[in-house]
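Hello,

Here is the structure I promised to pass on. Please open it first, then read my notes below.

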Amino acid sequence: MAIPQAKMELRSLGNTGLKVSAVGFGASPLGSVFGPVGEDDAIATVREAFRIGINFFDTSPYYGGTLSEKMLGKGLKALQVPRSDYIVATKCGRYEEGFDFSAERVRKSIDESLERLQLDYVDILHCHDIEFVSLDQIVSETIPALQKLKQEGKIRFIGITGLPLDVFTYVLDRVPPGTIDVILSYCHYGVNDSTLLDLLPYLKSKGVGVISASPLSMGLLTEQGPPEWHPASPELKSACKAAVAHCKSKGKKITKLALQYSLANKDISSVLVGMSSVSQVQENVAAVTELEGLGIDQETLSEVEAILKPVKNLTWPSGINQN
């Protein structure tokens, strides 16, 4: 039986014409990258997300060595709703075995992804973490290959992802206007780092939709703390830990505060959050509902911002290179 969808704020994604849910479903945890997730749980999580208003799902063949795409595909199939009711983004160029942005690999990659996702097309295909390769190859070889896939109807829109913000301007300045539809930035629009803000007018002028991922800074702003491999400096880790402890001492959840902070900027079309359980989905959507109704807890936010002020916008030089 098809699942009726609840209402959630939908935001325009640049010039694509797509309307994406303010909270997007980050499917990397479905690849068991943060701990095992069973197939039944994965399907239930996707169904619950759609039921309570999330229509945007993001994955990659890199997440869990293709497992994330397979799990998301099963979850989406279980919805039994028209394909036009949800929006799917996947990526190309980054795989468990390394990076390959050649035109040949990109063509093969989308066919493999569509098979795993059990779809005829994806709405967005991103070049995944482009800072690790030649940006000139992205401009001269990868993007033209994606344009062909667009003409063939396998993808609707073209995106690029990366950690350093200058990779976006480098590529966008070297391709014809309208070539890149979307950018996905991570860890640059949250309580501890809001450097994406400086880039928003430029992206708007190019008609590019903006997706921001990891409002919790890859675990820095969580009670369990970041994974061992997290590339942040000890100073940044320490300040975030203090902010987490402060919220906990007040009986507040820093995860909710951090998500609401990111959601409050309407120039960001969707904030991607990794989800692997029904309860996580419900918690994230409740944070949006509360933000719309009551607004953000300004007092706690100010206190957290004061703790993080010495490390504000302190980032790390490269992305997650965990091959």
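Strand S5 is covered on both faces. Ile 87, Ala 89 and Lys 91 are buried on one side. Val 88, Thr 90 and Cys 92 are buried on the other. That is 6 of the 6 residues of S5 (residues 87–92), so the strand is largely enclosed by the rest of the structure. Bear in mind that this is a predicted model.

S5 has two parallel partners to look at. Strand S4 (residues 56–58) runs parallel to S5 and is joined to it by 3 bridges. Phe 56 stands opposite Ile 87 there. Strand S8 (residues 122–127) also pairs with S5 in the parallel sense, over 4 bridges. In that pairing, Cys 92 has Cys 127 as its bridge partner. S4, helix H2 (residues 67–79) and S5 form a β-α-β unit, and it is right-handed.

Next, the core. The largest nonpolar core holds 109 residues, and Phe 25 and Phe 57 touch the most other members. Helix H4 (residues 135–152) is the top contributor, giving 7 residues. Leaving out residues up to four places away in sequence, what does Phe 25 touch? Its contacts include Leu 30, Thr 45, Val 46, Ala 49 and Ile 54. Phe 56, Phe 57 and Asp 58 are also among them.

The buried ones are Ile 254, Leu 257, Ala 258, Leu 259, Gln 260, Tyr 261, Ser 262 and Leu 263. Their cover includes strands S1 (10–12), S3 (23–26) and S12 (270–274). Helices H7 (234–249), H9 (278–293) and H10 (298–308) are also part of that cover.

Now the charges. The model has 23 salt bridges.

- Asp 129 and Arg 94 meet at 2.7 Å, N to O. Asp 129 is in the loop between S8 and H4, Arg 94 is in strand S6 (residues 94–95), and they lie 35 residues apart. Both are buried.
- Asp 181 and Lys 150 meet at 3.1 Å, N to O. Asp 181 is in the loop between helix H5 (166–172) and strand S10 (182–186), while Lys 150 is in helix H4, 31 residues apart. Asp 181 is buried, at 11% relative accessible area. Lys 150 is partly exposed, at 30%.
- Lys 248 and Glu 223 meet at 3.9 Å, N to O. Lys 248 is in helix H7, and Glu 223 is in the loop between strand S11 (209–213) and H7, 25 residues apart. Lys 248 is exposed, at 54% relative accessible area. Glu 223 is partly exposed, at 46%.

There is also a salt-bridge network that links Glu 97, Arg 105, Lys 108 and Glu 112.

Last, the backbone. Most residues other than glycine have a negative phi. Which way does phi go at Ser 32, positive or negative? Positive, near 60 degrees. Ser 32 is in the loop between S3 and helix H1 (39–51). Ser 32 is partly exposed, with a relative accessible area of 27%. Asn 313 also has a positive phi, of about 65 degrees. Asn 313 is in the segment after H10. Its relative accessibility is 33%, which counts as partly exposed.

Best wishes

Note on methods
Residues numbered from 1 in each chain as written. Predicted model: local features only at pLDDT ≥ 70, side-chain atom pairs only at ≥ 80, totals over all residues. Heavy atoms only, no water. Core = buried A, V, L, I, M, F, W, Y, C linked by side-chain atoms within 4.5 Å. Buried < 20%, exposed > 50% of the residue type's maximum accessible area, 1.4 Å probe, protein only. Contact = heavy atoms within 4.5 Å. Pairing = 2+ DSSP bridges. Right-handed = clockwise from strand over helix to strand, strands pointing away. Salt bridge = Lys/Arg side-chain N within 4 Å of Asp/Glu carboxyl O.
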